[in-house]
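My notes follow the structure.

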Amino acid sequence: MYRTTEERLQALEKQIARQDFQIHLLQNLVADHQKYGIYQYIISTNMSEHSFYLLQQLTKDYETKLEHGEEFTLNDYIAQFRSVLAREGVYLTNAELADFVPKWLGGTLGSIGFSMPLYAHFYSTDRTD
């Protein structure tokens, strides 16, 4: 799989960084039980800390678009979401993304997600579009 010792070391460094981030999330669970469900799901994706912060920024950017009345679709958001993950080497299937995105935005298992306004915008049952 890896040709050189350098490539093996780089892969190990990435794995250690991801595990360090996962430990950090687990520590946050102790302090913030409201995020339990979403942090648990993030850990299961093997997401890096960099991906996590990029997705938070992406979500904030879309919230700003929503506040300014800009038009965008759930597919636009998911495409950007997938792109962020792919750049960091996390590849989720369409089914996994369809499950993860609403959890990311709205939370899971009674937890709080990262954007209730976007969750309501994308998943509200009383929308007419």
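I began with Y77 and listed its contacts (heavy atoms within 4.5 Å), leaving out residues up to four places away in sequence: Y77 touches L58, T59, Y62, V101, W104, L105, L118 and F122. The model is a predicted one, in which local features need pLDDT of at least 70 and side-chain atom pairs count only at pLDDT 80 or more, while totals for chains, interfaces and linings use all residues. Residues are numbered from 1 along each chain as its sequence is written, and side-chain values use heavy atoms, with hydrogens and water left out.

I then counted aromatic pairs, taking rings of Phe, Tyr and Trp (its six-membered ring) with centres within 6.5 Å, where planes under 30 degrees apart are stacked, over 60 edge-to-face and the rest tilted; the count is 16. The rings of Y77 and F122 have centres 5.7 Å apart and planes at 40°, so I noted this pair as tilted. Y77 belongs to helix α4 (residues 74-87) and F122 to helix α6 (residues 116-123), so the pair ties together parts 45 residues apart in sequence; helices here are DSSP runs (H or I, at least four residues), numbered from the N terminus. Both Y77 and F122 are buried, meaning under 20% relative accessible area with a 1.4 Å probe, protein chains only.

I next looked at F81 and F100, an edge-to-face pair with 5.5 Å centre to centre and 70° between the planes. This pair links F81 in helix α4 with F100 in helix α5 (residues 94-106), 19 residues apart, and both F81 and F100 are buried.

Note on methods
Helices (H or I, at least four residues) and strands (E, at least two) are DSSP runs, numbered from the N terminus. Buried means under 20% relative accessible area, exposed over 50%, partly exposed in between (1.4 Å probe, protein chains only).
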